[in-house]
Amino acid sequence: MHVLVLGGDGFCGWPTALYLSDRGHDVTIVDNLSRRAIDIELEVESLTPIRPIGERLRVWHEVSGREIGLVRLDLATEYDRLVALLSALRPDAVVHFAEQRAAPYSMRSTQSKRYTIDNNVRTTHNLLSALVATGTDAALVHLGTMGVYGYGWSGSAPIPEGYLTVKVPTPDGDLEREILHPANPGSVYHLTKTLDQLMFSFYAANDQVRITDLHQGIVWGTQTAQTVRDERLINRFDYDGDYGTVLNRFLMQAAIGHPLTVHGTGGQTRAFIHIRDTVRCIEIALANPPAAGDRPMVFNQVTESHRVRDLAKLVSSLTGVRVANLPNPRREAVENDLVVRNDRFLALGLEPTTLSEGLLDECTGIAGRYRSRVDLSKIIARSVWRSGMEIADDLLTELPTPPALQPQAAPGPHER
């Protein structure tokens, strides 16, 4: 099948494009390379060296013999070009990753808040409108987030997959109805994903667009079976305070001997999934789309849940690096439980990669290998949810520069 991967140059999009291509699908990446522009804005690079998109695609052809197309297009602002693209290619499926994905970045400033809303909401609505306008009957798979449910859930009742059964009292007795699970966004980024849900519900009902919404947990891991074939294909490893996920941040900190920074008590529970499982889940969703006229299908794309402090203890026990607590820049519950239903993916054949299986390899094989690329000034989170709050610089000022990051004298002739 012909698949458009929107945002196919990003952290989830790139390995997904390679995976689908490797599985025999015709893949076209649509991307405006905005994530690379944000790197320039933040003055930080991925811990892993990311090659230009043209080189990435040439290398993939060299190692696989398969071509991946590339269209540079801003989905939020170039609607007419999107319509022309859909009319020309008539894809069988569209995988939608083309949204600004970082909660901290979405709260960084007024500008970043407005950009996140403008980009994410307009992109999703332009896509839905264009699918209808062109009569493109493509299965749409969207990468959402577990954050639409919020993190105030407590108790042992599992979060259902997208929909909640409620009882409505009437004079004639209770009526049972299924509704979208009440949204509780914790950032502007999460807000855009809840708005996506409402747009999906409308277009599925009104225009019979076939939509699968994947409420994904935090992705960990860097490599897939495709990206390991050549270093020039390597995936992103973000570690900075805006884009670095909590586990990546711990692994990088451990690799350079920096204290593992736990925000607040560390009692926040988060859901996780390995990047290898993410690409497999995308394939499963593409192979099992809803029928025209069905409501959006929702999968909870997670494999396990852990408290942040427990993750820090695990990494600390593996590496010997101490844990340090910092003020929490977010507005969120100090402690929360997170029990998640993921029955659908398991029933359709997902075999999850667990932290216990892959964490040490990720620590040594990626964080350790590229530790010299760390910018110490980017480690501490600067984006805050509460005005007037500041994150202390004590850890950075007190920590000696790790030996691997110190400038070294040029080698002598006998050392070259």
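1. Among the elements that cover the buried residues of helix H1 are strands E1 (2-6), E2 (26-31), E3 (68-72) and E4 (93-96), together with helices H3 (53-64) and H9 (275-287); buried here means under 20% relative accessible area, with a 1.4 Å probe and protein chains only, and helices (H or I, at least four residues) and strands (E, at least two) are DSSP runs numbered from the N terminus. This is a predicted model, in which local features need pLDDT of at least 70 and side-chain atom pairs count only at pLDDT 80 or more, while totals for chains, interfaces and linings use all residues. Residues are numbered from 1 along each chain as its sequence is written, and side-chain values use heavy atoms, with hydrogens and water left out.

2. Nine of the ten residues of H1 (13-22) are buried, including Trp 14, Leu 18 and Tyr 19, and the helix is followed by Gly 24, which has a positive phi near 100°.

3. Beyond its neighbours within four places in sequence, Phe 237 is in contact (heavy atoms within 4.5 Å) with residues including Leu 47, Met 252 and Ile 366.

4. The mean pLDDT (the predictor's confidence in each residue, from 0 to 100) of the protein chain is 89, but over residues 406-416 it is below 50. Where pLDDT is low, the predicted coordinates should not be read in detail.

Technical notes
Buried < 20%, exposed > 50% of the residue type's maximum accessible area, 1.4 Å probe, protein only.
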